[in-house]
Amino acid sequence: MRRVFITVLLWIVVAGRVEPLPQTTPLPVQTGSVKFAVIGDSGTGDRAQYEVGRQMESAHTRFPFELVIMLGDNMYGRQSPQDFVTKFEQPYKPLISAGVVFYASLGNHDNPSNRLYEGFHMGGERYYTFARRSVRFFVLDSNQMDPKQLDWVDGALKQSQDAWKICYFHHPIYSDGGRHGSDVQLRVVLEPLFVKYGVNVVFAGHDHVYERIKPQKGVAYFVAGSAGELRKGDIRPTAATAAYFDDDQAFMLVEIAGDDLFFEAVSRTGRAVDSGVIRRQPTPRSTGGL
Amino acid sequence: MRNHAMASRVLGGHHAHRRLTAGRVWHDVSGHLFDRFLLLPIGAGIALVWANTRPESYFTFAQKLAFPVNEIGMAFFFALITQEIVEAVMPGGALHSWRRWGLPIVAAAGGLAGSVSVYLVYVNVNYVTVLAPAWPIACAIDVAAAYYVLKTILPRSGALPFALVAGIVTDIVGVLVVAPRHLVLATHAAGAALMMVALALAGVMRASGVRSFWAYLSICGTVSWFAFYWVGLHPAFALVPIVPFLRHEPRRLDLFADPPDDDATHHFEHEWNALVQGILFLFGLVNAGVILRGYDAGTWAVLAAALVGRPVGMLAAIGIAVAAGLHLPRRLGWRELVVIALAMSSGFTFALFFATGVLATGPAQAEIKIGALATSVGALLAIGAARLLRIGSVR
């Protein structure tokens, strides 16, 4: 009897130290909704990236996302064919095998020729667009915002009649990351277009943290640059910070159903560190913050 | 000192004299700012403070002014540089003798090879190949900065013509790389034809004895600007082919000094110099504003290329040339050459211009620009080296 008691006691103590199991997702997981995951600054090829990959695989079983958007720095260091295996294909192998499609944007550590790599589905372009049902994604190359790209963004956003417009690229135009922070020069050229054409949500990486920014002029901004790299304790919260997580690696799960976008940020250990819902604003918007 | 004494004397006197003195002081101060090309660093300093305190208003301002300053205004700067070079290489000019060109050209080639190699090695070793297209920035030498540093340290040696030739040759290579851009028209033919019209007009005006710079500028310069723009060349270089048609006088010394306002030619150069100084102020204001925490691999690549690659490349090339039988210029030894090589490591104006020429707006350009600004430290290194090597006037 005493042995059973001690065993139970030990079990309770050990169980108390174990990381919590993945929480029940607040995501509605509706049929017909657009489901995707978000990773940024992922391509380190180290253990943390693989652990995030396993959490994504685990999440996929309860939340069958069909695509993953990559926010740049998809590959750090050497970028030989073998590196594409160890820094991309192996960490996400179960997802790729399950038919999940990855759509990449280019970061400052990515070789520009990586746009030709088939696994990134960039169609050989630095910037491109694709759609899933009512959602259109606009993928930009923020390393250089040349006039040709700006003209393209302007035209593509103007042409889009999709209910949801989501932009993603590497360098955040709003961020409270201590190392990089907001790229205001990019903001000056991009934000007017986002506001004018009613972009709903913008995802970026570069700062190796997770952060949700309070909506700016009607646009929601996320920084999700810690799916591989991590800069612990880097966030310097400001009045614009809505939520953040800079203790561990993280990725995001997003579901768009009707006029609602549900999101959840998940840590390397499977803990939901932020979640919420964004209601679609009428478009196109005029200026003015929320 | 004399001016200061005069100012003190008059300031202690009557109100009428005080007004005169204020004007005098302003004249002296502005003259100093103009003579030393100080309006550019002042503009750059304002831009840096502005960008790091009120970034949104700064970048909005800079974005609006970028085209008129970089694409139109800078045409006057490159025209002035061309004018200086043309007059320096004329019979009687400071750089006329081709014997003076041999070793500096070798030094320029070595400096180019060294700086570009270091830049490319750095970005490749650090796997930031997105910055590789910016290698022409490693070709940038701020000739005016090098000139004034060397004029301070080694005023009476052969350092000035040596540095001028090496700097000009290096920058010309950079300009040739940066100048080609995307074709605006469907064909090169229309732009090329327009260029021929501009040159023909300049030739006719020269033959007709037209002396007014502004006539050349407003007619031929405008046509040439559109020709450059349409044909896919950087329009900031549009006045370069027009300048040789202007009236020139050989320059013996003080290449970058504002000439005395004593005749029609010099009066026009005086006006031109003032205009260029204003443009350089705006150039610094529009382009030098970078958020300092935006530094990254590109910053270190530019610094390594300028402060290590170029001096080492220059000195190595000179060493090889001397071993092959070329002679060092009179009154220049290896210690002086070390100081010259360091003085030429500043890229500042040209590096900023090349950065805007080869990279579009964005974080990559910003980190490169921080490196370009930081190369100014080369001037301090040169002064420090002169003290250490116990040469020149700063011992």
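This is a predicted model: local features need pLDDT of at least 70, side-chain atom pairs count only at pLDDT 80 or more; totals for chains, interfaces and linings use all residues.

Reader: Which way do the residues of strand β7 of chain A point?

Author: In a regular strand the side chains alternate between the two faces of the sheet. Strands here are DSSP runs (E, at least two residues), as helices are (H or I, at least four), numbered from the N terminus. From β7(A), residues 201-204, A:V201 and A:F203 point one way and A:V202 and A:A204 the other way. All of these are buried, that is, 20 or more other C-beta atoms, placed from the backbone, lie within 10 Å of their own.

Reader: Which strands pair with β7(A)?

Author: Two strands pair if DSSP finds at least two bridges between them. Strand β6(A), residues 164-168, runs parallel to β7(A) and is joined to it by three bridges; A:Y168 stands opposite A:F203. Between β6(A) and β7(A) the chain passes through helix α6(A), residues 184-196, in a right-handed β-α-β crossover (with the strands pointing away from the viewer, the path from the first strand over the helix to the second runs clockwise). Strand β9(A), residues 219-224, pairs with β7(A) in the parallel sense over four bridges, and A:F222 is the bridge partner of A:F203 there.

Reader: How is a helix such as α6 of chain B placed, mostly covered or mostly open?

Author: An α-helix has 3.6 residues a turn, so residues three or four places apart point the same way. Helix α6(B), residues 143-153, is mostly covered, with nine of its eleven residues buried. Among them are B:Y147, B:L150 and B:K151. The buried residues pack against α7 (159-178), α12 (334-343), α13 (348-358) and α15 (377-389) of chain B.

Reader: How many residues does each chain bring to the contact?

Author: Two residues are in contact if their C-beta atoms, placed from the backbone, lie within 7 Å. Chain A brings 21 residues and chain B brings 20. On the side of chain B that touches chain A, α4 (55-89) and α14 (363-374) each supply at least two residues. Helix α4(B) gives the most, with five.

Key:
Residues are numbered from 1 along each chain as its sequence is written. Chains are lettered from A and ligands numbered from 1 in the order in which they are written. A residue is buried if 20 or more other C-beta atoms lie within 10 Å of its own, exposed if 12 or fewer, and partly exposed in between; C-beta atoms are placed from the backbone.
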